[in-house]
Amino acid sequence: MLKTDFLGMKLDNPVMIAAGPWNRDGKGIKESIEAGAGAVVTESIVSDTLLDVRPRISCDDKGAQNIRLYSDIQIEGWEREMDIAKSAGGVVIASVSGHTASEVAYLASKLEKFGADAIELSVSNPAVESLEVVASHADVVYEMTKEIVTAVKIPVIAKLSQNTTNISKVAKAVKDAGGSGVTAINTVRGILGVDIENAAPMLSTYGGISGEYIRPLGLASVATIAQTVDIPICGVGGISEYKHALEYIMLGASAVQVGTAVMLEGREVIRKIVQDLEIWAQNHHISTLSELRGKALENLKSFEEMKFEPAVSHSSGVPCGENCSKCISACMYQAISRKGGQISVDRTRCTGCGLCTFICPANMLKLDL
Ligand SMILES: Cc1cc2nc3c(=O)[nH]c(=O)nc-3n(C[C@H](O)[C@H](O)[C@H](O)COP(=O)(O)O)c2cc1C
Ligand code: SF4
Ligand code: SF4
């Protein structure tokens, strides 16, 4: 039911573990495969390994900021690591990053020889200024993708950034260069927080924000690419449960990746997502998840297509507990009040903004459309 064909690769399920230090070597990748991931992406492999700065990862209950750069294992060392990784029998995608097209193509061809099933070109690390620029330059992404495509026979995917003004243009450049797919998105440049007693940001430089904070950005990026470019998409950003994976798939993704949830909750989160996806699909009589791909795009309109005719809210009339008055305080048009233990909406005041229908924990308010 969850079996997925992604770029010709046969995956047991569409849930991959994203590039990051949890996949920093063969042992980590093997553990990721054994945790039930459909495929595993290595931490980004580069030609000039850098020393790690310290500290480099902060987190809170919604996500993380990292300034971890790339794999600290030299390309030659990856022959050994890929052997270990592939000994678990799963699909391994090698992530490469670099400053020039020839550099990334060299790394890709080496990694193909070492046994990688596909290449993911990462041009989108927001902790490094120069690479962030690459992510927004369709012409450079085109050149890099094309040179890798010429150098290898395995599928080539480019991992895109939300830190760009026109992600469709970059995705189109990948397609035009012969790339087989895109992954969206990498972390988003940000500062997770400031220790106000010491006037110190949690990490001492800008970094990549990941986790729950970026899921809405990832969803929008995937939907935008799906609506504008005919290319397979792997969705990533803020996935920690099966519902999030389904959201990405319904907005056009063929597969998904999980990063921060693996880092913060452990690899077991993958098994849970896969199991819950299976149960959901069974309960909804879905024989293959590809039936759902892009389903929500049918209901995603452009602003020009949105309705302007009046729509007003109504309460279901069910009595409300005195301990809640969320909708009353949220309504900026003073349309909601409590009368005789029931919530009532003054339909002459309601402007149909919709906020009360989302804020009500009991789902008691509806909009007449
Ligand atoms: C600590 C850390 C290190 C990461 N390293 C890489 C990397 O080496 N290459 C890459 O392309 N993405 C890297 N990422 C980005 C993730 O693969 C993923 O795109 C991003 O975190 C969003 O997904 P998430 O919210 O599930 O984490 C890293 C993310 C984190 C948190
Ligand atoms: S839809 Fe908006 S304006 Fe109407 S009652 Fe709800 S919050 Fe108020
Ligand atoms: S938000 Fe919902 S539960 Fe709370 S008072 Fe309004 S209608 Fe009742």
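So, the shell around ligand 1: by class it has twelve nonpolar, 13 polar and three charged residues. For those classes, Ala, Val, Leu, Ile, Met, Phe, Trp, Tyr, Cys and Pro count as nonpolar, Asp, Glu, Lys and Arg as charged, and the others, Gly among them, as polar. Before I go on, this is a predicted model, where local features need pLDDT of at least 70, side-chain atom pairs count only at pLDDT 80 or more, and totals for chains, interfaces and linings use all residues. Residues are numbered from 1 along each chain as its sequence is written, while chains are lettered from A and ligands numbered from 1 in the order in which they are written.

Back to ligand 1. Of the 28 residues around it, Ala18, Ser122, Ser210, Gly259 and Thr260 come nearest; a residue counts as near if its C-beta atom, placed from the backbone, lies within 6 Å of the molecule. Two or more shell residues come from each of β6 (63-66), β14 (207-211) and α9 (260-265). Helices (H or I, at least four residues) and strands (E, at least two) are DSSP runs, numbered from the N terminus. Which element gives the most to this shell? That's α9, with three residues.

Now the barrel. Eight strands close up in the order β3-β4-β7-β8-β9-β10-β15-β16, with parallel pairing; two strands pair if DSSP finds at least two bridges between them.

Let's look at β8. Strand β7 (residues 92-96) pairs with β8 (residues 118-122) in the parallel sense over four bridges. Ala94 has Ile119 as its bridge partner in β8, and Val96 has Leu121. To get from β7 to β8, the chain goes through helix α3 (residues 101-113), in a right-handed β-α-β crossover. Right-handed here means that, with the strands pointing away from the viewer, the path from the first strand over the helix to the second runs clockwise. Four bridges also join β8 to β9, again running parallel, and Ser122 has Lys159 as its partner in β9.

Why is β8 largely enclosed by the rest of the structure? Because five of its five residues are buried, buried meaning 20 or more other C-beta atoms within 10 Å of a residue's own, all placed from the backbone. Side chains in a regular strand alternate between the two faces of the sheet. In β8 both faces are covered, with Ala118, Glu120 and Ser122 on one side and Ile119 and Leu121 on the other.

Last stop, ligand 3. Its surroundings include Cys320, Cys324, Cys327 and Cys360, and the shell divides into ten nonpolar residues, one polar and one charged.

Notes
A residue is buried if 20 or more other C-beta atoms lie within 10 Å of its own, exposed if 12 or fewer, and partly exposed in between; C-beta atoms are placed from the backbone.
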